[in-house]
Amino acid sequence: MTYYPKVIGKKCYLSPIRAEDAAIYTRWFNDLEVQKNLTYPVPIITLEAEKEWVANVAKRGNVVFAVVEKKHDTIIGNAGLHQVDQTNRCAEFGIVIGEKAYWGKGYGTEATNLVLDYGFNVLNLHNIMLKVYSYNDRGLGCYKKCGFKEIGRRREAKCIAGKFWDEVYMDILDREFKSPFVKGLFK
Ligand SMILES: CC(C)(COP(=O)(O)OP(=O)(O)OC[C@H]1O[C@@H](n2cnc3c(N)ncnc32)[C@H](O)[C@@H]1OP(=O)(O)O)[C@@H](O)C(=O)NCCC(=O)NCCS
């Protein structure tokens, strides 16, 4: 096995990211169907830039995992926590299921729950927030199912294909989270 299951769900698990997956990430992040949903500016991503990102992501205080489909140990995305603030116990959530064949099948929801579980029950975070564009129905659906609630909007902050869209802010507190993989280890 080339991945290392760390937080394990029914359909997928979180594993440390691997340097050799940089080419796969490069494909995902240059796919406009994927990229249009990402809430940070993504220029044209070269393989070299992606290798650099993979090598340095953890050093910048991010906790990012590969999302691996469980049955075949296939990487389908990555997900994690950024700007982890241990003093105030806050962080920002980000996810991409880059393999589009896996969209809409529950993988994003499960991977989100696994990251929240790690964030709340291992890192002892209190508040996890995210940003999502108002046209990203699949993202909004996934986050609501995991317990995120809308806390506000930056209006018309995304401009794409000649139209403005809102940037939606959502968050969840540790006491609102229900998916206790980590707690299950202590029964
Ligand atoms: C957003 C993302 C993580 C969601 O993961 P996913 O595995 O596709 O989503 P899920 O199947 O777990 O859940 C999607 C939910 O939204 C609902 N939904 C709402 N509108 C939808 C739409 N237009 N298409 C598909 N699903 C939709 C689905 O019905 C589903 O809920 P259900 O299981 O109760 O039916 C994934 O699609 C992805 O990575 N997309 C590209 C990058 C991205 O958007 N990243 C997030 C940036 S904020």
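1. Start with β6 and β8 in this predicted model: the two strands run antiparallel and are joined by seven bridges. If you want a pair to look for, find V132, whose bridge partner in β8 is V168.

2. Follow the chain from β7 to β8 and you pass through a hairpin with two residues between the strands, where A161 takes a positive phi near 50°.

3. Now zoom out. These strands belong to an open sheet of eight strands, ordered β1-β2-β3-β4-β5-β6-β8-β7, and the pairing is mixed. The edges are β1 (7-8) and β7 (149-160); each has a single partner strand, so one side of each is left without a neighbour in the sheet. Packed on the sheet is helix α5 (residues 137-146), which touches β5 (90-97), β6 (127-133) and β8 (163-173). The direction of α5 makes about 15° with that of β8.

4. Elsewhere in the sheet, β2 (residues 12-16) and β3 (residues 63-69) pair in the antiparallel sense over five bridges. Look for C12, which stands opposite E69 in β3.

5. Don't skip helix α4 (residues 107-121). From first C-alpha to last, its 15 residues reach 21 Å, close to the 21 Å expected at 1.5 Å a residue. How is α4 placed relative to the rest of the structure? It is largely enclosed, because 14 of its 15 residues are buried, with buried meaning under 20% relative accessible area.

Definitions and conventions. Residues numbered from 1 in each chain as written. Predicted model: local features only at pLDDT ≥ 70, side-chain atom pairs only at ≥ 80, totals over all residues. Heavy atoms only, no water. Helix = DSSP H or I, 4+ residues; strand = E, 2+ residues; numbered from the N terminus. Expected span 1.5 Å × (residues − 1). Buried < 20%, exposed > 50% of the residue type's maximum accessible area, 1.4 Å probe, protein only. Pairing = 2+ DSSP bridges. Contact = heavy atoms within 4.5 Å. Axes fitted to C-alpha atoms, helices over the stretch in contact; angles between N-to-C directions.
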